[in-house]
Amino acid sequence: MLVLFETPAGLSLFKVLDENKISESTDLANDFETPEGASKIVKLKAFKKFKDNTDALAAATGFIEGKISKGLKKFLKKVVVDAGLKDQLAVQDAALGKAIKDSLDVPCVTNTAISELYRGLRQQAPSLLGISEENMGLMSLGLAHSLSRYKLKFSPDKS
């Protein structure tokens, strides 16, 4: 199983090393308490850094709206479709999973166990991606500000 994970730094694809652990979601939280434990569950397969804040904003809004952005489609085509991988792709949002399935014919899965996996990935993302927690925090803050301006700009309640 592959896991699509989006951060303010870029798009990443993880390979699940032990799929049995995913189904036993009670142990999953304990396994992600340390970076060493997390690295026994998942391994980084691919990472695509965002070029700039505009690129990150486009990907984030696509994830929020359940749509596949141009950058995400290109990333998945290159690392999954063109590589001939037949694994299921774990996604956090069912609407995004449907869009990926329709667009690229990649089987997607989302459920409560996947949600637990995403919690663990978020907790250990800096160590798994090799990015300092301080830098990840700064990128998150910048993206959050951009997202709030985007939402305000296109708000139907604005007069």
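Modeller: Happy to! In this predicted model, the count of aromatic pairs comes to 2. One of them joins Phe5 and Phe14 in an edge-to-face arrangement, with 6.2 Å from centre to centre and 65 degrees between the planes. Phe5 and Phe14 are both buried. Phe5 also forms a pair with Tyr118, and this one is tilted: the centres are 5.9 Å apart and the planes make an angle of 35 degrees. That pair links distant parts of the chain, since Phe5 sits in strand β1 and Tyr118 in helix α7 (residues 112–129), 113 residues apart. Taken together, the ring pairs link Phe5, Phe14 and Tyr118 into a cluster.

How buried are the rings' residues? Phe5 has 4% relative accessibility, so it counts as buried. Tyr118 has 3% relative accessibility and therefore counts as buried too.

Now for the strands. Strand β1 (residues 2–6) runs antiparallel to β2, and 5 bridges join them. Within this pairing, Phe5 has Ser12 of β2 as its bridge partner. The two strands β1 and β2 form a hairpin, with 3 residues between them. On to the next pairing: β2 is joined by 7 bridges to strand β3 (residues 42–49), again running antiparallel. Here Lys15 has Lys43 in β3 as its bridge partner. As for β2 itself (residues 10–16), 6 of its 7 residues are buried, so the strand is largely enclosed by the rest of the structure.

Conventions:
Residues are numbered from 1 along each chain as its sequence is written. This is a predicted model: local features need pLDDT of at least 70, side-chain atom pairs count only at pLDDT 80 or more; totals for chains, interfaces and linings use all residues. Side-chain values use heavy atoms; hydrogens and water are left out. Buried means under 20% relative accessible area, exposed over 50%, partly exposed in between (1.4 Å probe, protein chains only). Helices (H or I, at least four residues) and strands (E, at least two) are DSSP runs, numbered from the N terminus. Two strands pair if DSSP finds at least two bridges between them. Rings of Phe, Tyr and Trp (its six-membered ring) pair if their centres lie within 6.5 Å; planes under 30 degrees apart count as stacked, over 60 as edge-to-face and the rest as tilted.
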